[in-house]
Amino acid sequence: MRSRQAFTLIELLVVIAISAILMGLLLPAVQKVREAAARMKCANNLKQIGLALHNYHDANRYFAPGYIDGNSNSASTPDRDVGPGWGWAAFLLPYLEQGNLFNQIDFNKGIGTGGNAIAAQQPLTIFQCPSDPLQQSFTVWPTNVVVAHSNYVGCNGSQECFVNAGGANPANNGVFYRNSRNNFASVSDGLSGTIFVGERSSNHAPATWTGAVTGGRCPAWRAAQPPAPYSPPPGVAYDNADFNEALILAHGNATHIPNVDFPISDPDVFYSMHAGQGANFLFGDGSLHFLTSGIDPKTYQGLCTIAGGESAANW
C-alpha cells in the first residue's frame, strides 16, 4: 500500500510561524513605501500651489490676500470681521485648473450664502495630503456653514493669528493676513528664506480651502486627550478655539515649531501626519522643504516672517 504524503501539525505550525515573521518584516517596509509616496504627493500638491501663487502674482502684481473682509482696520482682531471671508486658496482656483468652480463663487457674498454654500463643500485633492485619512467636509463651529477640508494653510507670521489678523506689525507678519496685498518686494527677507504655505493635519485642528468663515471658530483637537477630530462641543478643544482666521492661516515661532505644539495646543499652527516629526512647507521661491521639530526655534521663527531682517542661514 502507498503512504499518503501530508503536512504534519508541527510542519504546519512552522509554516505559519515563518509566514507571520515574513509579514512582520514586510509590513513596516510597505508602510514606509506608502508614506514616502504620500509625502511626495503632498509635496507635489504644494509645488502646484506655489506655481499658482506666482501665476496669480504675475496677473495681479501682488499675492492673493490671506482673506478678504469688510473689516479694514489693520489693528482690529478677527472677532470683529464682517465677511465675506474668502481666502487665498479660493483665489488660486483658476490657476489650479478649477476655473469652473471659481466661476460658481460670488466673492462679494459669504462662504455659506446661497450658491456659495454648494461650492464651499467641493473637496479638492490639490488641497488634501494623502497621509491624512480624515478629509470629509465639516461644519464650522458655531455656525451652520459646511466647508470642504484642506491640509494647507497660509503663513500669517510669527505672532498669533488672532493678534496679527490685519498684519498691523510689518516687521513680524507673514505673507498672508486679512486683506493683505504683499508682492515680491514686500518679502525683504528673501523668497527662498520665507515660508508661504505649510501643512495642518485634521488631528490637530480643522482647516479649509474656502476661507475665514465669518463668525466661525477653529477648535484645537490636540488640546484634548486623546485628540478627537470633529467631536461635538463643549470640551477643552473648544475652550482653546481661535477665531475664523485660523481656518486658513497659521503662525510659527520659537515656541510653536512644527509638530510640537502640545501641550500649548493652539489650533493656528503647522502640523502633519507624516513620519519624521515634521511637515512639508512651501517657500516663496516655490521650493519645498520638510521642516522637523528639531529645527532651531529662532531660525524657524525667522522663516515665518517676510520682513523681520532675521538671518536664516542654518536650517
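A polar contact is a pair of N or O atoms within 3.5 Å; within protein, one must be able to donate a hydrogen and the other to accept it. The tour below uses that term on a predicted model.

**Stop 1: the sheet.** Select the strands β9, β5, β6, β10 and β11, which form an open sheet in that order, with mixed pairing. At the edges are β9 (249–251) and β11 (288–292), each of which pairs on one side only. Looking across the sheet, neighbouring strands are turned by 40 degrees against each other on average, direction ignored.

**Stop 2: β6 against β10.** Now select residues 195–199, strand β6, and residues 278–283, strand β10. The two pair in the antiparallel sense, over three bridges.

Stop 3: Is N164 buried or exposed? N164 counts as buried because its relative accessibility is 0%, and the cut-off for buried is under 20%. Next, show the backbone of N156 and the side chain of N164. The backbone oxygen of N156 is 2.8 Å from a polar atom of that side chain, within the 3.5 Å limit for a polar contact.

Stop 4: I16 has 49% relative accessibility, so I16 counts as partly exposed; exposed would require over 50%.

Note on methods. Residues numbered from 1 in each chain as written. Predicted model: local features only at pLDDT ≥ 70, side-chain atom pairs only at ≥ 80, totals over all residues. Heavy atoms only, no water. Pairing = 2+ DSSP bridges. Helix = DSSP H or I, 4+ residues; strand = E, 2+ residues; numbered from the N terminus. Axes fitted to C-alpha atoms, helices over the stretch in contact; angles between N-to-C directions. Buried < 20%, exposed > 50% of the residue type's maximum accessible area, 1.4 Å probe, protein only.
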